[in-house]
Amino acid sequence: MAAILVALLAGASAARADIGPAEKPDLKLGFIKLTDMAPLAVAWEQGFFMDEGLFVELEAQANWKVLLDRVITGELDGAHMLAGQPLGATIGYGTQANIITAFSMDLNGNGITVSNDVWEQMRPQIPSEDGQPVHPISAGALKPVVEASLAKGERFRMGMVFPVSTHNYELRYWLAAGGLNPGFYAPQRGDTSGTLKADVHLSVTPPPQMPATMEAGTIQGYCVGEPWNQQAVFKGIGVPVITDYEIWPNNPEKVFGVTESWAEQNPNTHLRLLRALIRAAHWLDENNNANREAAVELLAQPSYVGADAEVIANSMTGTFEYEKGDVRKVPDFNVFFRYHATYPYPSDAIWYLSQMRRWGQIPEAKSDDWYMKTAAKVYRGDIYAKAAQSLIDEGLMQASDFPDFSQENFARPEQGKLIDGVPFTPRQPNAYIDSFEIGLKGSDTP
């Protein structure tokens, strides 16, 4: 028995030795104060970074632009990023830089909230059952409210967190599915407002400022991650009308990003970071979310999200509150590991790129092959697989926890249908883009 134990320990040491020591053990990683930064906090609090010989400082950033800029300049070694940021930077939208991701931080996690006044105007258009609104709520219910504002010569404004954020694309998707044009970008003409021909004017607001900005009347609604939708309910200033799980079940959300040059210079450090993050994501979802209450208390700390634990728990523990008191079960509102959430599927990248093209951030038509090559360059499943395999080899994780790495693993499994019923065809991105009623098509240029 002792000989077997020695052999197992030797095998684990060999597997870890295959990766080698971290080239850069002292790291500074950035994040935005949102609940989906949880894998970073858990990796620190549970000692997973330390297990890898990594001494990590986690630092909250003012906004997504500052975060990206600091990764590019090397002030941060890596960061919790919007899934569209590595793609936007790589294709040169806004900032040009080669950013890669080998780790998807979560699925779902966002909501769209409107002010109390807008909600009351929407209510007559929303079907009800047993005295409660029927979900999902279509943006068609918002359309008369927007039209009334336009008829008075007033712009209808909504907030989102960044031009290449999931929130921007989800909000645009929901609006367009309800017959509202969220506007186009025209970077080739120097217009990056995203408001050309817009029925609804979207603008950037940092996540923690969303509730206050809406309360002040600057915007009439917003799309953001938690806990800032639930904060509106908690404060009694707004109503979340739909979650992104209802727009597209198991949609990709945040990623962990580094510069391509950093990954090339620090391959062992990168793999060890991934190992720690994979273990943290698994901890968050294991035993049917048994650790979520502990995660809520952790995230409530000022150094992480800094919101009331009660507000964070509203979504992190498998429920979501719409109107005050209308609490519904949404067990997959936050997914960190199950459904192979952490694997960086190329199809995720292609969906983001398709929406960039649909709304003009990519102003000219691209071939299907361009989409495939761009996705493969940025979303690095090969690096993820190496980190995950080492965890399997050491007995820290099971092979069944991950995709079959002998397969192509192109498209994310277990995703539901999009709210408008348009099938997502990642292998034919141009056909997918051309299938929408609202949006650029073919060789259209904004």
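Trp370 is partly exposed, at 22% relative accessibility. Here buried means under 20% relative accessible area, exposed means over 50%, and partly exposed lies in between (1.4 Å probe, protein chains only). This is a predicted model: local features need pLDDT of at least 70, side-chain atom pairs count only at pLDDT 80 or more, and totals for chains, interfaces and linings use all residues. Residues are numbered from 1 along each chain as its sequence is written, and side-chain values use heavy atoms, with hydrogens and water left out.

Start with the rings. A search of the whole structure finds 21 aromatic pairs. Rings of Phe, Tyr and Trp (its six-membered ring) pair if their centres lie within 6.5 Å; planes under 30 degrees apart count as stacked, over 60 as edge-to-face, and the rest as tilted. Phe337 and Phe402 make an edge-to-face pair, 6.0 Å centre to centre with 80 degrees between the planes. This pair links distant parts of the chain, 65 residues apart. Phe337 sits in the loop between β18 (334-335) and α16 (346-358), and Phe402 in the loop between α18 (381-393) and α19 (429-434). Helices (H or I, at least four residues) and strands (E, at least two) are DSSP runs, numbered from the N terminus. Phe337 is buried at 7% relative accessible area, and Phe402 is buried at 4%. Trp370 and Tyr371 also pair edge-to-face, at 5.0 Å and 85 degrees. Tyr371 is buried, with a relative accessible area of 0%.

Ring pairs also build a cluster: Tyr169, Tyr173, Trp248, Trp351, Tyr352, Phe424, Tyr432 and Phe436. Which rings lie under the charged end of Arg358? One is Tyr173, with its centre 5.2 Å from that charged end. Another is Phe436, at 3.7 Å. A charge sits over a ring if NZ of Lys or CZ of Arg is within 6 Å of the ring centre and within 35 degrees of the ring normal.

Now the nonpolar interior. A nonpolar core is a set of buried Ala, Val, Leu, Ile, Met, Phe, Trp, Tyr and Cys residues joined through side-chain atoms within 4.5 Å. The largest such core has 81 residues, and Met122, Leu142, Met158 and Trp174 have the most contacts inside it. Apart from it lies another core, of 57 residues, among them Val42, Leu54, Tyr304 and Ala388.

On the α2 side, Ala38, Pro39, Leu40, Val42 and Ala43 make the contact. On the α13 side are Ala276, Leu277, Ala280, Trp283 and Leu284. Contact means heavy atoms within 4.5 Å.

Helix α15 (residues 309-316) is largely enclosed by the rest of the structure, because six of its eight residues are buried. They are Val311, Ile312, Ala313, Asn314, Ser315 and Met316. Their cover includes α10 (228-235), α13, α14 (292-299), β16 (319-321) and β18. Just after α15, Gly318 takes a positive phi of about 95 degrees.

Finish with the backbone. The His135 to Pro136 peptide bond is cis, with omega near 0 degrees. The Glu226 to Pro227 bond is cis too, with omega near 15 degrees. His340 is not glycine, yet its phi is positive, near 55 degrees.
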